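Here are my notes on the aromatic contacts and one of the helices. Have a look at the model first, then read on.

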Amino acid sequence: MNPKPTRRDALDNRERILTAAREAIAASSSASLTAIAKEAGVGIGTLYRHFPTREALILELYRHDIQHLIDRAPALLADHPPLVALRLWLDEVAHYGRLKYGVAEVIHAATDGGADDEYFAPFVAAIAVLLKAGAADGSLKSGIDPEDVLLQLSVLWRLDPARGGEARAGRILDLIVDGLRATP
């Protein structure tokens, strides 16, 4: 038995909800589902049909955004030298960290602190792709453990965007990249 295909308008509603939620949660981690539905131009019932709980909505945003970051690593390498690609990717990770601020505990709880996170290995692999390319062209040190880099990046989720988080993230990323360079 084949499942009934999702109607185009339902898919459009889902995307509008995700877009509105991403913006609303980036502005305030306590954004209401009612406000998100209104901004998306749908009724609250439509929002709940797609995302029965606030946690479900946050986790879907997480899945979408993490997959985007995973996919961006090789795409950036295709268009830029490895060191530039790495920095551009890290900037995108920092931007995501600003969006994640305030809802990280929901994601952390849902993924058992990362132990059950299906995106952990692919995210580490994305880091490895960037590091390997940089080591191959001599711009980055060789033998760097991508999980070590991920641990360094984990501080980004704790930077309050309202308290200079963006500037601090830039400085932290400079330190990380400087530590990864083959020649300082």
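1. Y62 and Y119 are both buried (under 20% relative accessible area; exposed is over 50%, partly exposed in between, with a 1.4 Å probe and protein chains only). Keep in mind that this is a predicted model, where local features need pLDDT of at least 70, side-chain atom pairs count only at pLDDT 80 or more, and totals for chains, interfaces and linings use all residues. Residues are numbered from 1 along each chain as its sequence is written, and side-chain values use heavy atoms, without hydrogens and water.

2. How many aromatic pairs does a search of the whole structure find? Two, where rings of Phe, Tyr and Trp (its six-membered ring) pair if their centres lie within 6.5 Å; planes under 30 degrees apart are stacked, over 60 edge-to-face, the rest tilted. Y62 and Y119 make an edge-to-face pair, at 6.1 Å centre to centre and 85 degrees between the planes. Y62 sits in helix α4 (residues 54-79) and Y119 in the loop between α6 (104-110) and α7 (120-137), so the pair ties together parts 57 residues apart in sequence. Helices here are DSSP runs (H or I, at least four residues), numbered from the N terminus.

3. W89 and F123 form a tilted pair, with 5.2 Å between centres and 40 degrees between planes. W89 belongs to helix α5 (residues 82-100) and F123 to helix α7, 34 residues apart, so to speak a link between distant parts of the chain. Both W89 and F123 are buried.4. In α9, the buried residues are G165, A169, I172, L173, I176, V177 and L180. Seen down the helix axis, they fall within an arc of 135 degrees (taken from the directions from the axis to the C-beta atoms), so they line one face of α9.

Key: Helices (H or I, at least four residues) and strands (E, at least two) are DSSP runs, numbered from the N terminus.
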